[in-house]
Amino acid sequence: MTALPIIFVLNGPNLNRLGKREPEIYGTQTLADIGAMLTAEAAGRATIDLRQSNHEGALVDWLHEAADTGVHAVLLNAGAYTHTSIALLDAIKAIAPLPVFEVHLSDPHTREGFRHMSYVGMAAVASFAGHGAASYTLALEAALAQ
Ligand code: DHK
């Protein structure tokens with residue numbers, strides 16, 4: 001039996017608070033709910049490895065790990081680091097050609113001006129935002145089609 005492709009689903013700061021955090025913006029599903037939804041969606045097609053950290057360097061390390069361990073694709077919701085982190089931009093470039101898909105529950109472009117700029121988006125293959133938890137499933141389908 002051939003091993004299924006592995007998809008990393010990396011989540012940045014404050015996403016461990018999903019479900020309790022500003023539900024009018026981010027919805028009521030927890031990150032564990034999203035992980036279960038992705039695992040069900042990917043059943044028989046891919047293995048989902050979902051992780052979360054509030055630390056920028058952990059996200060950089062996991063991007064490198066993805067490249068070094070033959071991961072098929074990465075879904076990345078970098079939270080607020082999306083808008084600030086040149087280190088994440090460089091990391092995505094440093095692991096090319098491994099595809100990284102940007103994910104957001106909300107649509108940052110319809111929110112405060114400081115959320116309109118995305119360092120992650122500068123290097124990501126595509127961005128999925130504004131669909132709540134479904135942004136992750138849309139990105140998963142794009143990653144599996146890659
Ligand atoms: C999540 C965050 O934590 C914010 O900092 C981003 C993103 C938007 C989201 O919608 O998933 O600006």
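Biologist: What pLDDT do local features need?
Modeller: Residues are numbered from 1 along each chain as its sequence is written, and side-chain values use heavy atoms, with hydrogens and water left out. In this predicted model, side-chain atom pairs count only at pLDDT 80 or more, totals for chains, interfaces and linings use all residues, and local features need pLDDT of at least 70.

Biologist: Is Gly132 buried, partly exposed or exposed?
Modeller: Gly132 sits in the loop between strand E5 (126–129) and H6. Helices (H or I, at least four residues) and strands (E, at least two) are DSSP runs, numbered from the N terminus. Buried means under 20% relative accessible area, exposed over 50%, and partly exposed in between (1.4 Å probe, protein chains only). At 25%, Gly132 is therefore partly exposed.

Biologist: In what order do helices and strands come along the sequence?
Modeller: The chain has six helices and five strands. Read along the sequence, the pattern is β-α-α-β-α-β-α-β-α-β-α.

Biologist: What radius of gyration does the chain have?
Modeller: The C-alpha atoms fill a box of roughly 50 × 30 × 25 Å along the principal axes. The radius is taken over C-alpha atoms, and the globule rule is 2.2 Å times the number of residues to the power 0.38. For 146 residues, a compact globule would come near 15 Å; the chain agrees, with 14 Å.

Biologist: What share of the accessible surface belongs to carbon and sulfur atoms?
Modeller: Buried residues make up 45% of the 146 residues. Accessible areas come from the Shrake-Rupley method with a 1.4 Å probe; for residues, only the protein chains shown count as cover. The chain's accessible surface is about 6,900 Å², and the carbon and sulfur share is 55%.

Biologist: How far apart are the mean positions of the positive and negative charges?
Modeller: Lys and Arg count as positive, Asp and Glu as negative; His and the chain ends are not counted. Each charge is placed at NZ of Lys, CZ of Arg, CG of Asp or CD of Glu. For the 8 positive and 14 negative charges, the mean positions are apart by 5 Å.

Biologist: Is Ile95 buried or exposed?
Modeller: Ile95 lies in the loop between H4 and E4. Not counting residues up to four places away in sequence, Ile95 touches Leu63, His64, Ala67 and Val100. At 5% relative accessibility, Ile95 counts as buried.

Biologist: What is the phi of Asn14?
Modeller: Most residues other than glycine have a negative phi. Asn14, in the loop between E1 and helix H1 (23–26), is partly exposed at 39%. Although not a glycine, Asn14 has a positive phi of about 75 degrees.

Biologist: What is the phi of Glu22?
Modeller: Glu22 lies in the loop between E1 and H1. At 38% relative accessibility, Glu22 is partly exposed. Its phi is positive, although Glu22 is not a glycine, at about 30 degrees.

Biologist: Which residues is Glu41 in contact with, leaving aside neighbours within four places in sequence?
Modeller: Glu41 belongs to helix H2. With a relative accessible area of 33%, Glu41 is partly exposed. Leaving aside neighbours within four places in sequence, its contacts are Thr137, Leu140 and Glu141.

Note on methods
Contact = heavy atoms within 4.5 Å.
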